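Please look through the sequence and the structure shown below before reading on. The briefing that follows takes up a helix pair, a strand and a chain contact in turn.

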Amino acid sequence: MSIGLGVTGVPANSFNNFTEYGIGIGLRVPHYRHILGQKPVVDWFEIISENFMVDGGRPLEVLDSILEQYRVVQHGVAMYFGSADRLNREHLKKLKRLVKRTGTPWLSDHLCWGSVDGRYTHDLLPMPYTFAAAKVTAGNIREARDFLEVPICVENVSSYAEFHASEMTEWEFLSEVVERADCGILLDVNNIYVSSQNHNFDPYDYLNNVPHKRVGQIHIAGHSKFEKYILDTHDHPVLDPVWKMYAHAVKLVGRTATLLEWDDRIPTFDEVHHEALKANQFVDKLENAAA
Amino acid sequence: MKRSRPTSSSTNLKTPRLDVRSRAELKALQSLMATAVFRPLTAQDGMQPRWLDGRRTSALAESFIKPNERLTSFDRLEIYNRVYWFRVLDCLYDDYPGLRAVLGERKFMKAITAYLAKYPSASFTLRNLGSRLEEFLRDEPNWIAPRVELALDMVRFEWAQVVAFDDEARPAITPDDILDTRPEKLRLGLQPYLSLLELNYEADEFLLAVKKSESAVLRSEASNTFEAMPHVSRPAKRFRPPKRKRIHLAVHRHDNMLYYKRLDPEAFVILKALRGGATVEEACLRGLSSTKRIGVDWGEEIKAYFNIWASLGWFCRFSKK
């Protein structure tokens, strides 16, 4: 086990040059007024890229104001690295314009697909875990990185279905893709938990077996339990099993930029920020133990 | 790296299984699943039990999705089918409160379901989801009968607001930019975010009343799940239809705030002519030839129009595109 605790300025791993980014939260519309008016101290904000891939108006005005005060990292929901179709060049061009605007140090999107022949599901659909799919996905990631000229981290999604075609576990597939693409991982601990409950695997097997040296960012979030499955709803505080997994994850990957996602039934800014900052206690505990 | 064993089939061996050993096979699987996801739900918000060719959908789902001890292949596919529809319907529900008030909740949901079945999203952003709604309703007015004209007015008006919110703003032209150009030679562009609407109803006042009565509903941004149909948890309210009256509207933004501005009929004609590429002189002549008003000092009136439009930043360099 490696404990890559980053000392200031020293990357924890080759895909995590921003060890000291700390704890961020997602920039969401209900908090705009508070953030722009009160200017609270926040390590960084994550934006949904697609919400700002517009030609003008209020979204870009808000973004520019945020950029004057805060560090911003872009997170996408529609690049669909796992799509069998080629990447959409117009989408990439718009994304690159935004990358130049924000100066995002890295950019993330999901290990999924979501469109076919120009029709969009607006969902993060699961991949069949096969070598052929890994090859296609890695090719798309490389193409995006080369075009965008920014490091890319791919995020594991929560899923509700598994395919007969799969030839490996999800974490093996993730590993296969990032090794082939030579890119980073955005490790979503909540998504691992949700999928582990839906597909009956041990989430710690997942955490233990991904290439830790490639983890550049971590996501935490809340979820909702239904009778027969768990949904990744991002509308609750982080649940205890997920915090435990987070503690384990930072032991494995070291201090890593961490972000709380809260996208529905969004409470006040202070409540969201307070929930996110709970992550610090796990990193502090780890660093104290190491000292 | 050590690999897991390939999954062996343990259920119905007669069901042909989809492999993914090439890009083409990946495409086939994704096309099949997308087709299932895009198919409208049943009246009970479930996945349709029969596939396009009459087969059981459950048999189709079994061909590529594993069941587990709690959920069948059908159940698991249905989660994605439901989430898709809840998400897109929720989006249009929020973007078209005026159309919803005109049609009533039930009729609105039927109309937008039919629309999305015919025109699934063709953009990476939900912002563009309603871009072909007017076209669809013009082609299939049965969804909005008997209030066809009013519904079409409302759709145009509400789409114009989407455009005004975040469409491009080009550098505004200042008086200095055009000082030396004579009106018979001068062509002015209008900002892309500005929409000019000629409506048969006072849709603006109606929509303001609708919005006042509704609390803002914020759309989820990144979670990939939706729990329920948008109409389930929201109370329906009936509104009195607006008055039938020909109005001319400019839908625009100023300081990044959305505005609707009523225009004189002559002003509307002038602006439409400018957008169509007419020179300032031609546009003004068209505006004047359309007027029914008498006793107006048109020299002063037109000067006032242009002063206001310029101060609002509506003019930009003319482009043939």
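In this predicted model, helix 6 (residues 189-199) of chain A and helix 8 (residues 240-253) of chain A pack at an angle of about 125 degrees, and their axes are 9 Å apart.

**Helix 6 and helix 8 of chain A**
- Angles over 145 degrees count as roughly antiparallel and those from 65 to 115 as roughly perpendicular, and helix 6 of chain A and helix 8 of chain A are therefore oblique to each other.
- The crossing of helix 6 of chain A and helix 8 of chain A is right-handed.
- From helix 6 of chain A, A:Val189, A:Asn190, A:Ile192 and A:Tyr193 meet A:Pro241, A:Val242, A:Met245, A:Tyr246 and A:Ala249 of helix 8 of chain A.
- By class, this contact has eight nonpolar residues, one polar residue and no charged residues.

**Strand 9 of chain A**
- Strand 9 (residues 215-221) of chain A is mostly covered, with seven of its seven residues buried.
- Strand 9 of chain A runs parallel to strand 8 (residues 184-188) of chain A, to which four bridges join it, and A:Gln217 is the bridge partner of A:Leu186.
- Four bridges also join strand 9 of chain A to strand 12 (residues 258-261) of chain A, again in parallel, and here A:Leu260 is the bridge partner of A:Ile220.

**Contact between chain A and chain B**
- Chain A gives 59 residues to the contact and chain B gives 60 residues.
- Among the elements that give two or more residues to the side of chain A are helix 2 (58-69) and helix 4 (131-148) of chain A, while strand 6 of chain A gives the most, with seven residues.
- By class, the side of chain A that touches chain B has 26 nonpolar, 18 polar and 15 charged residues.

How values were computed: Residues numbered from 1 in each chain as written. Chains lettered and ligands numbered in written order. Predicted model: local features only at pLDDT ≥ 70, side-chain atom pairs only at ≥ 80, totals over all residues. Axes fitted to C-alpha atoms, helices over the stretch in contact; angles between N-to-C directions. Parallel < 35°, antiparallel > 145°, perpendicular 65-115°, else oblique. Left-handed = near helix turned anticlockwise from the far one by under 90°. Contact = placed C-beta atoms within 7 Å. Nonpolar A, V, L, I, M, F, W, Y, C, P; charged D, E, K, R; others polar. Buried ≥ 20, exposed ≤ 12 C-beta atoms within 10 Å, placed from the backbone. Pairing = 2+ DSSP bridges.
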